[in-house]
Structures are given as C-alpha cells and as structure tokens.
Amino acid sequence: MCALRDSKGLRCVVASWRCVVFTKSSLDWCDVLSEESRRSRHSTGRVPKMPGMVIFGRRWAIASDDFVFPGAFELFIRMIWWIGILILYSIHKGKFNCTGGGLLHSYLLVLLVLLAVIICTVSAIVYISMQGTISNPGPRKSLPKLIYTRLGLYIPELVWAVVGAIWVSDTDVRCERTVVNVVFWTVIASWVIIIFTIVAVVIVFDPLGGKKTLYLADDINRNLESSQSGQLFYNVKKTATRVWERRIRLLCCCIMQDDDHRVAFTSIAELFRTYFSDTDLVPSDIAAGFTLLHQEQDKVENCPKEPEEILCHSHLSHVTDDLDIELENAAHYMQFAAAAYGWPYYIYTNPFTALCKLSGDCCRNSPTDSDIIGGDHLNFHFGSILKITGLQYRDFIHISFHNKIFEIPFFVALDHKKEAIVVAVRGTLSFEDLLTDLSAECEDLTLEDVLENGFVHKGITQAANYIYRRLINDGILNQAFTIAPEYKLVIVGHSLGGGTASILAIMLRNSFPTLRCYAFSPPGGLLSKSLADYSKCFIVSVIVGKDLVARLSMPNMEDLKRRLVRIVANCNRPKYQILLYGCWYEVFGGDPDNFPTELDGRSQDALTQPLLAEESLMMHRSPSYNAIEDESPLNAPPQYPHLYLPGKIIHIVEETSSRRWCSSDVKYTARWSKETAFSNILISPKMITDHMPDVVLKALNNLTEEKASCITCQIEGDFHTNTDSF
C-alpha cells in the first residue's frame, strides 16, 4: 500500500493490485503489481470477480450494479399495483359471495402476499445494486442470491397469472364488473412483466459466457503457456468469431449474399472478435466510461495544446491565401460530393419541398437507359443530382447507381464553372457500403515508379479499384477529355466516398499529373505515413469539429478502449450516479465531474475486497492488450499499423454558437492541421453530427460567405477612404 502526494498535486493511490496516478489532464498508471497479491490469487485458486455477473455458472452481459434503474422502475409499478389491489380488496371485503367470489378472494389475498414479497426482494436488489462502484463489487457480493430469489418468485407469479386468466375468462363469473376489469388488467400486467423479463434475459445473454468463465478458471489454475490453456483459448476465439459472423449475417439478411459477402463477413467478424474479446466490460460500463471520458475531455479542452495540435501554418500571407483558395474550392466541390447521395440527401435537406420538386421535374427529362447504370426508380436520384449541382443533363458523362460490396455509386460530370471533369464518389448509404467500411484489414498498394509498400484500407481500396477499372477500361475518362480536353481532373467524395476518392486519386496521379482531390470527412485509418505524405501535393482533406469517422482507426480504437478501461476502473462514483449525472450533463450542461479515485477520502478498511484493477477488466492473454507483463499498457507494441488521413488537412472548428428560439448563429474557423492531431477519438454529442454532409457543406459555405463579406467591407472601406482624401 502507498499513498503519495507531491507538490504538483499528483496523488498516487494503490490498492492491493495496482497504483494509479491521476493528473489534471489525464490518467496515467504507475505499474505496481503486488507480488503478495499475485501469490494470493494463485494460492486461492478462485476466479477473480468480473464486472459481468456470473449466474448459473456462466457470465452474463450485465453487471451487479445494473439493476438500479430497471429495479426502481419495477418497484414503482409493483407498489402502485399492490396499493391498487389492497384498496380493491378493502372496498370489496365481505362482498365475495358472487359466483366465482371464493376463488377471487383467494386470488387477491395470495396476490397481495406475493406482491409484498416481490416488492421486498426488488427493494433489496435495488439497494444492494446501488452499493460499491464498478471496480469495487464487494458490497454487492450477496446480489446473486437475491437474483436467484427473484427469479424463483416468477414461478408462483406465472402460476397466479394463469389462475387469473382462467378466472377472467370464465363466463360463469357474476362478480362486479369493476372487480373483473381490475383482475383482467392485473393479469395483463403480470404477463407483460413476464414477457419483458424473458426479453431482457435474451438481451443480456452472452453466447460466450460459459467459455469466458471456464477460460478464466483455467487461466488461474494453469500455466498460460500450457497446451491445454492454449487449446482452450483457441476454442474461445473460434467460437467468438462464429458468434460475430452469425450476428453480421443476421443484420444483413435482407441483402443477397455471394462469395464477396461471405469473405467480408468472416473478415469483419475476426476484426470484431479481436477488438472485443479481451474486454470484460458490460455495455453499461462502456456507457459510463464514455460519459466520464466526455467530461474529462471537456475539462482539458482549454488546456495548452500538444505540439502536434498547434497550427502547422505560419501567418505568412501566401499560406493564408492558399487556405482561402482551398476553402472556396472545397465549398464548391462539396456540392458534388453531397449530390452523389442522390434523393436521400436532397429530401433530408429539403424535407417539405423535395418530393414536390422531384415528382414535378424528374420525369420530365428522363435520360435513356444507356446513360445510367443501375436502378433509379422514377428518376429521383438523377433529378436530385441535377437540383443539387445546378448542372444540365448534357453535362453528365456517366452515372452509376450500381451498388454492391466493394462497388459503390459514382458519377462523372463536366463542371464548366471551374473548368473541371469531376468524378464524385458516394459515401456510405447501404449495408453493402457499411461492409466495405468495416473490411478494415490492411493491404499493400504498390505504385509503379512512385513508391512501394504503402499500406491502405482493404475494403476502400477494392472500391477504388472498381471505379478505376470503370474509368479507364470502359473509356469514361477518355470520353470526358475528348469533349473537354483543356479541363482538369478533380475527384471528390464524402466519408467512404472521400476515402475511395483519395485512393483513386493516388492510382490516377501518374496518368493525370494535374489531378486534384477533395476528400470530405474521410476515414482516419486510410493510408500509411508514406502514402499520406505523398498525397499532400494533390489531395486536400476537410474535417469538421470532432468528427468520429476522421479519427476512426484500429490504433485509435485500441487507445479509446484503454482510456475507457482506466477511467472506469478508478472512479469511485457508483455507476447509477455516473449515468444520471452524465445524462444531465449531456442535456443541460454544467461542470464536469472530478473523477475522484476509489480511495480518495476513504480508508482502505472500508473496502470489502481488493479493487478490480485495469487488468481485471480485461481478459488475459489478449493479443492487443497485455497490461500485466508490460511496464505500461500504453507502451504495448501495436497490433495494427498506424494509418492516417490523406493529403493536407483543413480542420474546421465551431468558434461561436449563439442559439435562439427559432434560429442559431454558428461561426466557424478553419486552419491547416497535421494528421497527428486526429490520433485520439473525442467523445462528444457532435462526434456524429460533425460528420454529416449537410454540416460540412454548411461550415464551408459559412467560411466562404464570411470571407466574401470581409472582402466587400474592406473594398467599401478603401473606397470611402479614397473619397475622403479628395
């Protein structure tokens, strides 16, 4: 045991497992693992406590502190129910001489007693579940017995629900109609609660629960390197992969599945298994961790930035002018990237008028079948593209709405305003696109006479290969340059389309040296460092705010998991308090929590058992997390290579937001940024909305309009100055 405090305010709190260092801006570990505690674990031979409850000999996807809210809700319903039955019984006491009244009298008496016992049991469950913290489950060690008791009470409740249903359905009953109606709704309530309980059990069922518990028990009693332990761990991994594959197949049951889909399913299942298999957190722990991380990030948001987060441009005028030019170009080409989404985007941004405009205009100038590849019911997609871009039908060279896994829609059009041939690639809009996104394995991209051994996102690269073959082999670009030989080639896309456009631009760079690419909100795990550096001379990425997708890569996800485990394992707030305050904070704002440690202000004697430390929340022998053997989990060798955003990066940040009843005035600032500034996933309500194409377009338009108004004001000021001089 140790408790240290230095002049800088660091406080080191050591439980019997590990010493934790908290700073104002982050949580760091001093990796001290008590040999005495390690020996005691192996000598007892008992499985360490896990956040996931172990009931009926298997682990479930629910923790012992997850019964507060559902228990309180059931307690509220049961209390109203019990009071209502008690009032009914009191009013009709002595009036049970009707036909069927004897059974009714017995039914109400037994129901009152049964409800009273259930209320007492649920009250005890709620009270016990409120004790302790996520990392200190000791005060809740009696909860499994209460759960067994509560589950046992479902048997007489089920029997009595059947008895009540028989009594209500008996046509010979001649009791008061009010009593019959009350019993009827009582029976309905009983069956609803029973059905909801069954659904809840199905939801919290962990298909790997038995194997995880067995593996942990084996892990305590056996050498980790033994053949038996290795075989058991292999079986756990194999089963987990099958479970994830079944889940993905069920999710994608509405789409036709071929060999490409089956390969993608297996690849994605292996990815999910690798990421989630080493974590013993339940979903509510993750929700609490996200809440704490958001508050922690808000606390340090105004702190001095790290060197890599400082603006990477100077105040030289030519650099500022370059940013202004690129912002103006990005605002223009973002319309093409948004138009690639077709009618869903157009209706989303024009919910009241879109359908009327499309139904009135789209069928008027319907193109021939040879102009469009893939289905476009009622010509809504093409009509929306015309509306958004403002182009004419004759300006389009090729349009493809064909959509399969690794094959995404795109169109090629002539942009006379910028004298460019624009290739616009659509972002994620279907299950097939989502599978392409999730096929996140790395593969080599070798460019002839440029560089070798560049790593890229596998699924997005295959999508880029598909469009490359269409553009080159089908002669689409030759046709475009035959019509407009003096035009330059510009490739644009948003989200998945932005990542595909970036890799496509790299593939076409040798053939079209003047090519430019604008990638809006592209995925973060896209290119290796060498390819990212190579692309900076012809690709511009535009990122808004705390966009999740731009920070989404496997190393970043691993870092998020580690940060989440740390902050969850070392906060002394009960989970229900974390979630309640977190909901209030997300909706109404306020001051972030202080994240005190488990021993902060408390004595070690108050703890009923050793705290669950970081490694206790992770499954042993994880390929991506090995906190016990390493000096620090942050220093563990990465399992996944680091992939980065493409090209030069423009980061747009919301500067001010003055919201009123009917309107909101949001202003943005833009700056050049480095790819290392996106090495952490930021938890925020805007992490999703900042990725939406309408938000990106709005931010770019805001910046360009503000710049135009500033130029106008400056010209008018100079004019008045010159006039006054005369």
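This report walks through a surface patch, a hairpin and some salt bridges in a predicted model.

Two helices, α4 (143–169) and α5 (177–204), each put in at least two residues. The largest share, four residues, belongs to α5.

V199 sits in helix α5. Its relative accessible area is 40%, so V199 counts as partly exposed.

## The β5–β6 hairpin

Strands β5 (residues 52–55) and β6 (residues 58–63) run antiparallel and pair over three bridges. Across the pairing, I55 faces R58 of β6. The hairpin leaves two residues between the strands, and F56 in the turn has a positive phi of about 55 degrees.

## Salt bridges

Side chains of opposite charge can pair when their charged atoms come close. A search of the whole structure turns up 21 salt bridges.

Take E74 and R78, whose closest N and O atoms are 3.3 Å apart. They're four residues apart in helix α2 (residues 68–91), so about one helical turn separates them. Both E74 and R78 are buried. Another pair is R470 with D474, at 2.9 Å between the closest N and O atoms; R470 is buried, with a relative accessible area of 13%.

K536 and D533 also make a salt bridge, with closest N and O atoms 3.5 Å apart. Here K536 is partly exposed at 30% relative accessibility, and D533 is partly exposed at 34%. Finally, there's a salt-bridge network linking D65, D66, R140, D285 and K575.

Notes
Residues numbered from 1 in each chain as written. Predicted model: local features only at pLDDT ≥ 70, side-chain atom pairs only at ≥ 80, totals over all residues. Heavy atoms only, no water. Buried < 20%, exposed > 50% of the residue type's maximum accessible area, 1.4 Å probe, protein only. Pairing = 2+ DSSP bridges. Salt bridge = Lys/Arg side-chain N within 4 Å of Asp/Glu carboxyl O.
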